[in-house]
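Me: I'd like to go through the labels used for this predicted model and ask what backs each of them. Here it is.

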Amino acid sequence: MGLQESSVALFSAEVKLKGFKVYKVNVDSPAGHSYNRKDFYKISLNTGRYIFHYADKSFETDETILFFGNPHIPYSCEVISQTDGYACLFTEDFLKLNERSESMLHSPLFMIGGTPIFQINAAQKKVIADLFRKMIAEQETDYPYKDELIRNYIGLVVHEALKLQPSAQNHSQKNASVRITSVFLELLERQFPIESVERPLELRTAQDYANGLSVHINYLNSAVKEVTGKPTSVHISDRIATEAKALLQHTNWGIAEIAYALGFEYPTYFNNFFKKKTGQIPKSIRVAHL
């Protein structure tokens with residue numbers, strides 16, 4: 001193991017032990033990270049020029065940005081130039097010790113369909129940077145309740161970002177259809193990313209999800225259609241298509257391997273599915289990103 005790999009391993013071990021790590025970003029840090037699933041949730045505040053690859057999308061920015069990374073969603077960041085920044089890594093268990101934090105992990109900030117990157121102005125940067133500095137200072141103290149205090153600071157950063165979301169995204173209904181739809185969408189997202197051909201997609205159909213949620217398929221379909229306007233099967237196929245595009249763009253797996261990993265018995269079935277969903281054949285996506 002090289003020096004850099006050893007440092008990363010020690011850093012990761014520290015986060016796992018304590019549940020969190022807050023730090024100032026080194027301007028001379030490496031100019032990119034591999035596109036894969038990470039071990040922790042991440043919130044970072046950075047000023048500079050970056051290219052983010054998140055799920056099957058890419059974002060380029062040269063402003064001050066606030067980024068939210070989810071361990072269930074693969075991403076990478078190419079640093080073109082960097083002036084300053086802060087970052088906080090934390091585990092799901094660390095944040096969940098605060099019951100009020102449960103909603104944060106299911107906010108649009110950490111969901112694949114949400115907005116993980118915000119461009120912020122100088123006044124917003126000052127407020128959020130101050131919260132990061134307070135976390136860094138608190139991290140070094142012997143205060144017995146510092147974990148709770150840091151959780152509160154993380155919550156404040158999250159709420160600053162949520163205030164930038166359209167208000168319609170932040171209200172929630174409490175009826176049964178919304179609840180079962182929310183659980184379905186969470187279970188759907190937990191199937192991804194696919195990280196190994198040896199561990200293919202487990203839940204492929206609406207019936208699979210109904211079985212997993214212990215509800216009748218007709219009830220699940222009715223609830224999901226009522227709340228989202230789209231059938232359960234469309235949500236599943238859309239998410240599989242998104243994952244397929246990400247795997248074609250960011251891995252060197254063969255198309256047949258990707259087809260198998262996503263639950264298709266034959267590559268021709270995958271090719272037909274992908275063309276129907278995207279209007280392109282898988283090979284064209286792969287060639288475009290070589």
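**Helix packing and a buried residue**

Reply: Let's start with a helix pair: H4 (residues 122–139) and H5 (residues 146–162) pack at an angle of about 165°, and their axes are 10 Å apart.

Me: Why is H4 called roughly antiparallel to H5?

Reply: Angles over 145 degrees count as roughly antiparallel. The pair packs at about 165°, so H4 is roughly antiparallel to H5. As for handedness, the crossing of H4 and H5 is left-handed.

Me: Which residues of H4 and H5 make the contact?

Reply: On the H4 side they are Val127, Ile128, Leu131, Lys134, Met135, Glu138 and Gln139. H5 brings in Lys146, Leu149, Ile150, Tyr153, Ile154, Leu156, Val157 and Glu160. By type, that contact splits into 10 nonpolar residues, one polar and four charged.

Me: On to Asn46 in strand S2 (residues 41–54). Does Asn46 count as buried or exposed, and why?

Reply: Buried means under 20% relative accessible area. Asn46 has 8% relative accessibility, so Asn46 counts as buried.

Me: What does Asn46 touch, leaving out residues up to four places away in sequence?

Reply: Val25, Glu63, Thr64, Ile65, Gln82, Asp84, Gly85 and Tyr86.

Me: And what makes the Asn46 and Ser44 side chains a polar contact?

Reply: The cut-off for a pair of N or O atoms is 3.5 Å, and these two side chains come in at 3.1 Å.

Me: How many helices and strands does the chain have?

Reply: 12 helices and six strands. Of its 290 residues, 45% count as buried.

Note on methods
Residues numbered from 1 in each chain as written. Predicted model: local features only at pLDDT ≥ 70, side-chain atom pairs only at ≥ 80, totals over all residues. Heavy atoms only, no water. Axes fitted to C-alpha atoms, helices over the stretch in contact; angles between N-to-C directions. Helix = DSSP H or I, 4+ residues; strand = E, 2+ residues; numbered from the N terminus. Parallel < 35°, antiparallel > 145°, perpendicular 65-115°, else oblique. Left-handed = near helix turned anticlockwise from the far one by under 90°. Contact = heavy atoms within 4.5 Å. Nonpolar A, V, L, I, M, F, W, Y, C, P; charged D, E, K, R; others polar. Buried < 20%, exposed > 50% of the residue type's maximum accessible area, 1.4 Å probe, protein only. Polar contact = N/O pair within 3.5 Å; in protein donor to acceptor, adjacent residues only side chain to side chain.
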